[in-house]
Amino acid sequence: MCRSIKTLRPPVQPEEATEEEIRAAALQYVRKVSGFRAPAAHNREVFERAVEAVASATAELLDGLVVRGTTAR
């Protein structure tokens, strides 16, 4: 996958991931999958919707994960 996407859960990251970190990871993912670093004007809307959808799914995933050896969130 994309090496610039970092792990956002404990214990790799000691504190809760910020919205900015989640969005940055989502942007990297959408860039990798689409093959576009920056979308053309005619693709911008769908690109941004994808980033928001991935960010939302990522936040939901992180909120629901139970990682052994860490305290509950």
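Tutor: Let us begin with what counts as a helix: helices (H or I, at least four residues) and strands (E, at least two) are DSSP runs, numbered from the N terminus. The model is a predicted one, in which local features need pLDDT of at least 70 and side-chain atom pairs count only at pLDDT 80 or more, while totals for chains, interfaces and linings use all residues. Residues are numbered from 1 along each chain as its sequence is written, and side-chain values use heavy atoms, with hydrogens and water left out.

Helix α2 runs over residues 44-64, which makes 21 residues, and from its first C-alpha to its last it reaches 30 Å. That is close to the expected 30 Å, where the expected span of a helix is 1.5 Å times one less than its number of residues.

Next comes the question of which residues of α2 are covered. Buried means under 20% relative accessible area, exposed means over 50%, and partly exposed lies in between, with a 1.4 Å probe and protein chains only. In α2, the residues Phe-47, Val-51, Ala-55, Thr-58 and Leu-62 are buried. Seen down the axis of α2, these buried residues fall within an arc of 70°, so they line one face of the helix; the arc is that of the directions from the helix axis to the C-beta atoms. On the other side of α2, Glu-45, Glu-60, Asp-63 and Gly-64 are exposed. As for the chain as a whole, 23% of its 73 residues count as buried.

What covers the buried residues of α2 includes α1, residues 19-34, where a contact means heavy atoms within 4.5 Å. Among contacts in the protein chain between residues at least 6 apart in sequence, 57% join residues at least 24 apart.

Some pairs of residues show how parts of the two helices are placed in space. Glu-20, whose place is in helix α1, counts as exposed at 60% relative accessibility, and its C-alpha is 9.5 Å from that of Ala-55, although Glu-20 and Ala-55 are 35 residues apart in sequence. Glu-19 is also found in helix α1 and is exposed, with a relative accessible area of 70%; Glu-19 and Ser-56 are 37 residues apart in sequence and 9.6 Å apart, C-alpha to C-alpha. Ala-59, which lies in helix α2, is partly exposed with a relative accessible area of 26%, and its C-alpha is separated by 9.2 Å from that of Arg-23, a residue 36 positions away along the chain.

Arg-23 also brings us to the charged side chains. A salt bridge is a side-chain nitrogen of Lys or Arg within 4 Å of a carboxyl oxygen of Asp or Glu, and by this rule the count comes to four salt bridges. In one of them the side chains of Glu-48 and Arg-23 meet at 2.5 Å, N to O. Glu-48 lies in helix α2 and Arg-23 in helix α1, so the pair ties together parts that are 25 residues apart in sequence. Both are partly exposed, Glu-48 with a relative accessible area of 32% and Arg-23 at 30%. The side chains of Arg-23 and Glu-52 meet in a salt bridge too, at 3.2 Å, N to O. This pair links distant parts of the chain, with Arg-23 in helix α1 and Glu-52 in helix α2, 29 residues apart, and Glu-52 counts as partly exposed at 43% relative accessibility.

Salt bridges that share partners join Arg-23, Glu-48 and Glu-52 into one network.
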